[in-house]
Amino acid sequence: MLEYERKPADGESALAPEKVKVIGIGGAGSNVLDRIALHERMDDGELLVLNTDVRDLVSSVAEDKIQLGKELTQGLGAGGDPDLGKEAAQKTEDEIRAALEGKSLVFICAGLGGGTGSGAAPVVAKIAREVGAFVVGFVTMPFSFEGRRRLEQAESALVQMEKCTNALMTFDNDRMGSLINQKEGIQQAFAAADQIIGQSVGAITKLVAQPGLVRIGMDDLLTALKNESSRCLFGFGQASGDNRAQEALKAALKNPLLDRGQMLNQSSSLIAHISGGETTTLWEVEILMNELSKYVNDDAHILFGVSSDKKQGESLSLTIISSIGKAGSSQLNEPVLDIEDSSEIEEPIEGEGDAEPEFGLSDDSDKEDSVFSGEVPEPFISDSDEEDSDEEDSDEEDSDEEDSDEEDSDEEDSDEEDSDEGLQSHQQDLIPEKKGGRGRFDKAEPTVTDEGEDLDVPSFLRKKKK
Amino acid sequence: MAKAKIYAGLEIGTSKICVVVGEVDADGSIKILGIGQAPSRGVRKGEIVDFETAQTCLHDALVQAEEKTDVMIGNVYLAITGAHIESLCNRGSIRIPDGPGANEITEEDLDEVRDLARDVSLPQQNVFLHSIIRDYYVDGQEKVQQPVGMFGKVVEADYHIIHGIKTRMQNTIRCVREIPISVDEVVFSPIAAAQVMLSKEQKDRGALLIDIGGGTTDYVMYLGGSVAQSGCIAVGGDHITNDISMVMKVPLTRAERLKIEHGSAMVQDKGQDEFIVLEDDPHFSGLEIDKVMLNKIINARISETFEQLRDRIMKDDDIAALGAGVFLTGGSSKLKEIDKLAEEIFSLPVSLASISSMSGATAPFENPQLATPMGLIRYAQMIEANKTEKTNPFKLFRKKLGGLFGGSSLIENNN
């Protein structure tokens with residue numbers, strides 16, 4: 001078997017962690033941040049939460065907090081008014097600017113539709129651009145049940161965000177909500193959304209920060225996300241064992257945003273980043289990419305990256321990032337960092353930039369990290385004891401799911417649909433697969449049309465769904 | 001007088017493995033001596049997934065055929081299919097050099113134009129299965145059948161190229177080889193089936209042959225006497241059974257029986273709230289099945305498959321140009337009213353194809369399931385006839401069939 005030759009000095013030329021800032025704005029933003037802090041183990045960046053609501057701010061686990069518009073809102077929220085949120089951010093501009101000074105990569109997470117998120121996020125993005133950072137926005141669009149007003153607010157904020165960020169990933173809550181179990185409460189729906197954004201932030205940081213054999217840079221990220229005002233596609237999967245290449249792909253495709261890989265054939269360019277331990281073989285990479293290419297349009301531009309990371313041990317992970325846009329979507333904003341410039345921020349540091357070392361399947365005690373019992377995590381869980389207890393809970397709940405995964409059984413569609421716990425597992429198959437299994441063809445090669453329809457699922461069922 | 005030759009055609013299908021042994025007389029007429037059949041296991045969507053099991057079944061079928069016909073089968077013509085097989089049409093063109101006594105088109109020129117036409121970029125792992133001549137053009141003159149000896153400056157040739165993933169085709173070949181039986185030729189299933197299911201007149205007028213098997217739906221379309229399109233959709237009768245089983249929540253064996261005994265491709269008009277009672281057995285509690293529901297499931301699947309097929313064909317050709325219409329064959333074409341449904345979707349006359357151009361007692365073999373292996377015998381005869389013609393001094397006929405089906409380099413490569 002052909003072994004990938006490793007670079008002599010691993011861990012070099014990564015992004016300095018002190019140059020990365022992850023900002024959560026508003027209630028949704030701080031929820032995402034909490035999740036990142038608790039589960040994604042962001043060694044790669046500093047977390048900063050901005051909010052008008054002082055109660056939310058206090059309960060956040062981020063190390064840096066800035067209260068927006070202290071005088072303006074008197075520590076209350078923005079009351080769903082974006083103008084108030086905007087004004088609050090403007091009044092606190094100096095503080096924000098100081099916090100962002102010297103950063104080269106800024107992630108902004110916000111839920112659009114409300115007051116603080118919609119109002120303040122564009123302001124913060126603008127400040128970040130002004131201090132010379134590369135800005136990636138992660139925004140959620142409200143659920144449709146949140147009403148028309150909020151949707152309108154969200155849309156106008158989205159337009160502003162597009163102008164102010166280098167890359168924008170849009171997550172449609174409706175989409176994520178509809179793909180989780182119907183019985184789930186609203187809490188879970190929101191939490192699922194947070195979870196996915198948290199994963200994306202973690203994965204993207206890792207992607208651009210980790211030294212790679214075949215590197216993926218900001219430029220690639222820009223290409224993959226160039227359909228602005230679009231829906232972002234994101235998938236992450238990790239697996240170990242004999243069949244880990246296929247398993248990782250399978251797990252990544254299970255992500256709701258990819259809709260089992262079927263959304264992928266609409267995208268014109270995507271990032272596929274493979275990260276694995278020293279045992280990664282060229283052969284595995286080849287298998288994985290071959291499999292993936294079945295889901296992708298022939299003309300699509302695949303930006304391929306490989307990195308090797310000792311911390312991953314026996315496991316192999318795959319990150320897929322892409323976007324599909326409305327026709328004639330706007331052109332790229334002028335990037336602050338040019339392709340050439342992006343090398344500047346890759347300052348060599350000792351150690352490595354592994355955002356999610358704990359995902360390794362090889363380590364059983366660790367992998368249960370994705371605590372997801374359906375609630376937004378308790379704030380202030382900063383000491384490990386509490387977190388451990390939380391882990392045990394989910395361990396019990398997840399045990400069924402766990403077994404089936406470990407036995408390497410093929411997609412147990414129906415099982416996953418029915419189990420609430422199927423939402424989360426270490427493999428990040430957090431959302432049940434599409435309803436309607438494939439019966440006897442479960443283990444056969446899938447027959448998928450160019451339009452992405454899985455022909456093994458009874459036509460009758462698919463027809464009914466339309 | 002040349003003596004009669006015996007050929008064997010083998011199809012490893014998703015639902016059954018079938019060997020047909022046929023005798024070809026010197027005058028070209030075919031007589032079927034017998035068939036061997038065995039239910040197939042270890043095959044999914046036309047391709048072998050479980051080698052050992054498939055081989056056992058294959059062995060059974062061969063033994064049966066040998067017993068019935070009293071013929072030792074040493075080599076076979078093998079039909080293959082699978083979703084990986086694709087086709088395309090490509091045109092090659094060359095300029096005949098001027099010079100003394102030149103501008104006469106020679107065999108060599110045609111070989112060259114053929115190589116040019118075949119010079120298409122296939123995916124790396126793919127190889128040619130067939131490259132079939134469609135038409136020659138000489139200085140813009142269309143539909144030249146035999147350009148050798150003609151004068152011209154520019155010769156063009158349209159080839160229909162069928163290709164597939166090499167390793168996947170080799171797997172089937174290997175399965176047969178290990179019996180051990182040698183493989184004379186590998187043929188894409190619908191091409192073989194068309195040899196017996198469509199008459200020359202139908203091919204000239206334009207016909208679409210759809211072979212709906214257990215795991216795949218293979219098709220070949222003839223326009224103006226030559227193959228215009230061919231391919232495979234990995235959806236077949238198994239899918240119908242699976243659909244019924246999944247929607248109705250009945251075991252697969254019950255679903256299969258429901259499909260065969262009660263299924264219909266068309267949904268009957270309302271007013272018929274007929275129920276089918278499934279008896280309970282130790283592993284299955286009884287159930288009442290709504291017949292309308294059953295047919296809706298079948299209808300959804302088949303119409304979807306037909307629509308896909310139609311859309312695929314419409315990408316390159318106009319389906320209305322098919323003068324002879326649509327012909328259905330394969331095991332799943334036995335489904336009730338499937339022709340009506342096809343008529344609805346293709347808006348063309350649809351008929352269940354029957355075997356033509358076979359002499360002898362064909363009646364016992366009048367089964368759409370046997371279309372492909374029977375076709376293989378005809379195919380073998382044509383290849384053989386072609387070979388003998390090549391040694392024939394009458395040069396004019398030399399190329400008539402030449403290049404018709406050439407191109408499979410699989411067998412050599414596999415050694």
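Q: Which residue just after α9(B) takes a positive phi?
A: Ser347(B) does, with a phi of about 50 degrees. Keep in mind that this is a predicted model.

Q: Which residues of helix α9 in chain B are buried?
A: Helix α9(B) spans residues 338-346, and its buried residues are Ile338(B), Leu341(B), Ala342(B) and Phe346(B). Next, look down the axis. These residues cover an arc of only 115 degrees, which puts them on the same side of α9(B).

Q: What covers the buried residues of α9(B)?
A: The cover includes three elements of chain B: helix α8 (291-314), strand β17 (325-329) and strand β18 (350-352).

Q: How do I read a strand, and where do the residues of β13(B) point?
A: In a regular strand, side chains alternate between the two faces of the sheet. Now take β13(B), residues 217-223. Thr217(B), Tyr219(B), Met221(B) and Leu223(B) point one way. Asp218(B), Val220(B) and Tyr222(B) point the other way. Both sets are buried.

Q: Which strands pair with β13(B), and in what sense?
A: Strands of a sheet pair through backbone hydrogen bonds, either parallel or antiparallel. Here β12(B), residues 207-212, runs antiparallel to β13(B), and six bridges join them. Leu208(B) has Met221(B) as its bridge partner. On β14(B), residues 226-233, the sense is again antiparallel, with seven bridges to β13(B). Thr217(B) has Ile233(B) as its bridge partner there.

Q: How many residues lie between the strands of each hairpin?
A: Four residues lie between β12(B) and β13(B). Two lie between β13(B) and β14(B). In the turn of the β13(B)-β14(B) hairpin, Gly224(B) has a positive phi of about 55 degrees.

Q: What is the strand order in the open sheet of five strands?
A: The order is β3-β2-β1-β6-β11 in chain B, with mixed pairing. Strands β3(B), residues 30-39, and β11(B), residues 182-188, stand at the edges. Each has a single partner strand, so one side of each is left without a neighbour in the sheet. From one strand to the next, the twist averages 25 degrees.

Q: In what sense do β6(B) and β11(B) pair, and what packs on the sheet?
A: β6(B), residues 75-80, pairs with β11(B) in the parallel sense over six bridges. Leu78(B) stands opposite Val186(B). Helix α4(B), residues 189-197, packs on this sheet and touches β1(B), β6(B) and β11(B). The direction of α4(B) makes about 85 degrees with that of β11(B).

Q: Which residues touch the most other members of the largest nonpolar core?
A: They are Val19(B), Val20(B), Leu78(B), Val187(B) and Leu209(B), in a core of 110 residues. Helix α8(B) gives the most to this core, with seven residues. The core also draws at least three residues from each of domain 1 (87-164) and domain 2 (201-352) of chain B.

Q: What does Val187(B) touch?
A: Leaving out residues up to four places away in sequence, its contacts are Tyr77(B), Leu78(B), Ala79(B), Ala192(B), Leu376(B) and Tyr379(B). A second, separate core has 95 residues, including Val49(A), Ala62(A), Ile197(A) and Ala203(A).

Q: How many residues of chain B are in contact with chain A?
A: There are 17, and they meet 14 residues of chain A. Helices α6(B) and α8(B) each supply at least two residues to that side of chain B. The largest share, six residues, comes from α8(B).

How values were computed. Residues numbered from 1 in each chain as written. Chains lettered and ligands numbered in written order. Predicted model: local features only at pLDDT ≥ 70, side-chain atom pairs only at ≥ 80, totals over all residues. Buried ≥ 20, exposed ≤ 12 C-beta atoms within 10 Å, placed from the backbone. Arc of directions from axis to C-beta. Contact = placed C-beta atoms within 7 Å. Pairing = 2+ DSSP bridges. Axes fitted to C-alpha atoms, helices over the stretch in contact; angles between N-to-C directions. Core = buried A, V, L, I, M, F, W, Y, C linked by C-beta atoms within 7 Å. Domains from an automatic or database assignment.
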